[in-house]
Amino acid sequence: MSPFQIMALYRLSFRLRQTVAYVRPLHTSGCGQQQGALAVESETRQEPFSIFRTLENDPACQSEKHVGQYYTLPSAHIHTLFPHGLPQRYQLQVKTFNEACVMVRQPALEVISCLKKADYSKPAPRFLFYGVKGSGKTMSLCHTVHFCSTQGWLVLHIPDAHLWVKNCKELLPSSYNASRFDQPLQASNWLRNFRVTNEHFLSKIKTRQRYVWTKREFTEEGRPLGELVDQGISRVKSSSDVVGAVMKELRLQSGQPEAGFRMAVAVDGINALWGKSTIKKEDKSPVSPEELTLVYNLKKMMKNDWCGGAVITALSQTGSLYTPSSAHLPQELLGEEGFDSMDPFVPVSVSNYSEKEFESCYLYYLDRHWLQHPQTRTEEGKKELIFLSNRNPSTLERLCAFL
């Protein structure tokens, strides 16, 4: 379908809205079972007809026919699943548009398809989203994490690993290992968000060993994992060690017959674990990521020596330290050590928008009245946006913010 035909359909949809308020979808929520007939019901609470949206909001039911269309992320899922995981500019967009919409794209569908077919009695498969800056790696990761959550998985999400290796407000020597350093503020903040996302698991999962924090404080074997998390939140000084204990418990129990859960370990900016740090010691010498308790324990989660889940990661140039801005391939950002540590993994390329995806995004911005300049509604204006953005999602969003 040509862009002119798409624009004609878009204009037609606005005219139709004045006469046909709502349309019942052809598919039910049960993953696309066809209904007997198409009926018009003004009483239903479905979304108005449009060519850039899909009414299929369950990631498990989305397929290639939905590529390029936006689905709505329920507000309840945003507050629980992504208390700290969505990009800052996307959060601003959600507030502005008063809705959270995610475009269905091929990279996320590819990983979701693999997760559906995986054998979870085997070591955890590892996936790596990579691509040029601003191509949508983080949103593809979030789309996949949303799928895991709707399937009832426990989600261990690190929204930006680079924040753990730079701009540390408080660095303390580890009380457990003198050669490492704790980051209590980052650790306690992560534990709070982990508790929000996985509240329903914390009372079911029991600890398998005894943990001693101080002479008077300890967590006995067989206690709910929630007690361990609360210990790290209430006693900030021991929060880094608590993060390590939580990760250890989950890694050991995942995939066990009595565990009753699958686990998705999702890390954005995975290359930070093998990069360089801006954190300094008291003698002004740099701290290597390996010396940080949080990074040390997170690296253990990246190994595929556990089963019952998957490792889903994304590279990031935005916070990558001391690397060329043009670098985007796994071997460039991970380095030799990181590449060898992650191998074997499934590389998933995230490219700029296709013609169809760009058109969908363009129509979505028009629908949300985000493009106010009259010239943007013309073919010449649209071509200029294509030229200036090169169909890069991030660049397009920033350009449109000024129009």
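Guide: The largest cavity is lined by Leu81, Pro83, His84, Val155, Leu156, His157, Trp190, Asn193, Phe194, Thr197 and Asn198. A cavity here is a set of points on a 1 Å grid over the protein atoms alone where a 1.4 Å probe fits but cannot get out, and lining residues have an atom within 4 Å of a point. The model is predicted, so local features need pLDDT of at least 70 and side-chain atom pairs count only at pLDDT 80 or more, while totals for chains, interfaces and linings use all residues. Residues are numbered from 1 along each chain as its sequence is written, and side-chain values use heavy atoms, without hydrogens or water.

About 60 Å³ of space lies in this largest cavity, the volume being the space filled by probe spheres set on grid points joined across faces, edges and corners. Two elements, β4 (154–158) and α6 (184–197), each supply at least two residues of its lining; helices (H or I, at least four residues) and strands (E, at least two) are DSSP runs numbered from the N terminus. The largest share of that lining, four residues, comes from α6. By class, the lining has six nonpolar, five polar and no charged residues. Nonpolar covers Ala, Val, Leu, Ile, Met, Phe, Trp, Tyr, Cys and Pro, charged covers Asp, Glu, Lys and Arg, and polar the others, Gly among them.

The structure holds two cavities of 30 Å³ or more.

Axes are lines fitted to C-alpha atoms, for helices over the stretch in contact, with angles from 0 to 180 degrees between N-to-C directions. The crossing of α4 over α5 is right-handed, meaning that the near helix is turned clockwise from the far one by less than a right angle.

A second pair is α13 and helix α14 (residues 393–400), whose axes come within 9 Å and cross at roughly 130°. α13 passes α14 in a right-handed crossing.

Some backbone details remain. Most residues other than glycine have a negative phi, and most peptide bonds are trans. Asn98, in the loop between α3 (88–97) and β2 (101–103), has a positive phi near 60°. Asn98 is exposed, at 69% relative accessible area (exposed means over 50%, with a 1.4 Å probe and protein chains only). His369 has a positive phi too, about 55°, and sits in the loop between α12 (355–367) and α13 (379–389). A cis peptide bond joins Asp343 and Pro344, with omega about 5°; Pro344 is in the loop between α11 (330–342) and β11 (346–349).

Tyr176 lies in the loop between β5 (172–173) and β6 (181–182) and is exposed, with a relative accessible area of 68%. Tyr176 and Asp241 are 65 residues apart in sequence and 7.6 Å apart in space, C-alpha to C-alpha.

Methods:
Buried means under 20% relative accessible area, exposed over 50%, partly exposed in between (1.4 Å probe, protein chains only). On a 1 Å grid over the protein atoms alone, a cavity is a set of points where a 1.4 Å probe fits but cannot get out, and a pocket is an open set with protein on both sides within 12 Å along at least five of seven lines; lining residues have an atom within 4 Å of a point.
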